[in-house]
Amino acid sequence: MKQALFVSVLVFGAGVGSLALFILANRLASTFGRRKQERLRPHYAEAIASFLAADDGAKLPSLPDWKAARQAFWAVALEALVELEGRERDRLTHALEDSGLVADATYRLWSRRRRVRRQAADALALVRSERGAGVLLAGLDDSDRFVRLGCARALAELGDESFQRRILETVGLEASIETLGHEAEVSPGLVAEVLLALGPRGARAVAHISTSARSEHLRRVAVAVLAALRLPAYAPLLRAALASRDDGLTVEAARGLAALGDVEAVDVLLDVMRDRDRPAFVAAEAASALGKIGDPRAVPVLEAALRSDTWSLQSSAAEALAELGGDGADALQRAIRSGRPLDRAHALAALDR
Amino acid sequence: MKILVADDSLTVRRLVSARLKADGHDVVEAEDGRQTLELVRTEHPSLLVLDKVMPKLDGFEIVRLLKADPQTRSLPIVMLTEQANEREVLDGLELGVDEYMTKPFSLRELSLRVSQLLEGASDSA
C-alpha cells in the first residue's frame with residue numbers, strides 16, 4: 001500500500017516537474033526570440049528604408065528562413081506601412097508579396113490559435129494586398145468575432161465594391177436586415193473601424209445603424225462615423241441626431257455638422273445652447289459648431305454663454321465668437337470691458353489665438 | 001546640407017534619413033526632445049524634420065525654444081504629425097513651423113518640401 005502511494009507521488013511529481021520544465025523552456029525560447037527580434041529590427045528598418053529610397057528597380061534583401069528574422073522584418077514592414085502613403089507604400093506592399101511574407105500572413109489565418117488569426121487579420125488590413133482576398137473572405141466565417149471583424153476590415157481596406165455585401169453581412173449591418181446583428185451590438189468600436197475603412201461606400205449602412213440600432217452606444221458610434229465621413233447627403237440625418245435627447249448623439253452630430261459647415265443646423269444648435277436641461281459639455285460642443293459654421297445669428301446666444309459659470313462653455317463660446325469675427329469680435333470687446341474677470345480672461349485668450 | 005531628423009520611432013527615422021541621404025543630404029538623428037535640442041546646437045543643421053509627439057520634450061515645446069533663441073530662430077522646420085486639427089496646425093504655424101506633414105505621409109513629398117524649404121532658406125540668406 002505504502003509502495004503504491006510512493007509510486008503515485010513520484011509519478012505526480014515527475015509530471016508536475018516536466019510541465020514546469022516545459023513552461024520554463026517555452027518562456028525562455030519566447031524571451032530569446034523576442035530579444036533576437038529586437039536586435040534585428042534596426043537592421044531591417046535600415047534595409048526597408050534603403051530599398052524605398054533607391055530607384056524602382058531595387059529589391060528587398062532576401063530573408064533568412066528562420067522565424068525570428070521573418071517576424072522582425074514583418075514587424076518593421078508593418079510599422080513602415082502605418083507611416084507611409086503613396087508610391088513608396090505600394091512598392092513596399094509589392095515587395096512583401098514577392099518575399100512571401102503576405103502569403104505567410106494569409107496562412108496564419110488558418111492557425112488553430114485565435115490570437116495568431118486575429119493578428120494576421122489586423123496585419124492584412126494594414127498591408128492591403130489583393131493576394132489575401134480569398135483567405136480573408138473565408139475568414140469572414142471564422143468562429144472568433146475579432147477575426148471575422150478583422151477580416152472584414154482588411155477586405156474593406158481593399159476598396160473592392162464586390163466584397164461590400166459580404167462585409168456588411170458579416171458585421172451584421174447589411175441594410176436590408178431589419179434587426180442589427182450580434183457583431184454590431186457587441187463590438188461597436190470594431191464595426192466602426194470596418195465602416196470607416198469602407199468609406200463612403202458603407203455610408204448607407206452607417207445611416208441605418210444610427211437610426212435603428214438598439215444599443216445607444218452603437219447609435220453614437222454610427223453618428224460619429226457618419227460625421228467623420230463628411231458626406232453632405234447625410235446632413236439631414238445628422239441634424240435629426242443633433243435634436244435627439246441623447247447627449248452623446250448630439251455631441252457627435254454637432255461635430256459632423258460643424259465639419260460640413262451646415263448652415264441649416266444653426267437653429268437646432270441654438271436650441272441646444274438655450275436648453276437649460278442640457279449639460280455644459282453639450283452646449284460647449286454646440287458653441288464650437290456655431291463658431292465653425294460662421295452664422296452671425298449665433299452671436300447673442302454665444303455672448304450669453306460667455307457669461308455662464310462653466311469654464312469649458314465660456315471658453316468654447318469665446319473661441320466661437322472670435323471665429324465669427326465682426327459682431328462676434330465686438331461681443332468679445334464688450335466682455336473685456338465688462339469688469340468680470342473670467343469673461344475678460346476668456347475673451348482675451350480667444351482674441352489672442 | 002545637413003538635416004536633423006527627430007522622431008521617437010526608429011523606423012520613421014530610418015525611412016526619412018534614407019530618403020534624404022539619397023537626395024544628397026547629410027543626416028543626423030535624434031530620438032527624443034532633449035537630444036533634438038542638443039543636436040541642433042552642436043550639429044548646426046540647415047533644416048529640422050520634427051515629430052510632434054516626442055518623449056522628454058514635445059514638438060511644439062522644441063519649436064518654441066528654438067524660435068526664442070536668436071541662434072536657431074531661422075532654422076526651417078518641417079513638422080510630422082498624426083491627424084492634426086485646424087487649431088493645432090494654426091498653433092504650430094504661429095509658433096514658426098514652416099511645413100506640416102500629416103502621417104501617413106509620402107517620402108517623395110517630404111523630399112520635395114525639404115528641397116523647397118532649403119532653396120527658400122538659401123535665397124533669403
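Trainee: Which pattern does chain B follow, read along the sequence?

Mentor: Chain B follows β-α-β-α-β-α-β-α-β-α. That comes to 5 helices and 5 strands. Helices (H or I, at least four residues) and strands (E, at least two) are DSSP runs, numbered from the N terminus. Before we go on: this is a predicted model, in which local features need pLDDT of at least 70, side-chain atom pairs count only at pLDDT 80 or more, and totals for chains, interfaces and linings use all residues. Residues are numbered from 1 along each chain as its sequence is written, and chains are lettered from A and ligands numbered from 1 in the order in which they are written.

Trainee: How do you know what confidence chain A has?

Mentor: From pLDDT, the predictor's confidence in each residue, from 0 to 100. Chain A averages 86, and 96% of the residues score at least 70. Within chain A, confidence is lowest in helix H9 (residues 182-186), at a mean of 67. It is highest in helix H5 (residues 114-127) of chain A, at 94.

Trainee: Why does the radius of gyration of chain B agree with a compact globule?

Mentor: Set the value against the rule. The radius of gyration is taken over C-alpha atoms, and the globule rule is 2.2 Å times the number of residues to the power 0.38. For 125 residues, a compact globule would have a radius near 14 Å; chain B has 13 Å, so the two agree. The C-alpha atoms of chain B fill a box of roughly 35 × 30 × 25 Å, along the principal axes.

Trainee: What makes chain A more spread out than a compact globule?

Mentor: Chain A has 20 helices and 0 strands. Its radius of gyration is 28 Å, well over the 20 Å that the rule gives for 353 residues, so chain A is more spread out than a compact globule. The box for its C-alpha atoms is roughly 90 × 70 × 50 Å, along the principal axes.

Trainee: Why is strand S4 of chain B called mostly covered?

Mentor: Count its buried residues. A residue is buried if 20 or more other C-beta atoms lie within 10 Å of its own, exposed if 12 or fewer, and partly exposed in between; C-beta atoms are placed from the backbone. In strand S4 (residues 77-81) of chain B, 5 of 5 residues are buried, hence the label. One side has B:Ile77, B:Met79 and B:Thr81, and the other has B:Val78 and B:Leu80.

Trainee: How do you know that S3 and S4 of chain B pair?

Mentor: Two strands pair if DSSP finds at least two bridges between them. Strand S3 (residues 47-51) of chain B and S4(B) have 4 bridges, in the parallel sense. B:Leu48 stands opposite B:Ile77 in S4(B).

Trainee: What makes a set of residues a nonpolar core?

Mentor: It is a set of buried Ala, Val, Leu, Ile, Met, Phe, Trp, Tyr and Cys residues joined through C-beta atoms within 7 Å. The largest here has 134 residues; A:Leu226 is among those that touch the most other members. Helix H12 (residues 216-229) of chain A gives the most to this core, with 9 residues.

Trainee: How many residues does each chain give to the contact?

Mentor: Two residues are in contact if their C-beta atoms, placed from the backbone, lie within 7 Å. The contact takes 17 residues from chain B and 18 from chain A. H1(B) gives the most to chain B's side, with 10 residues.
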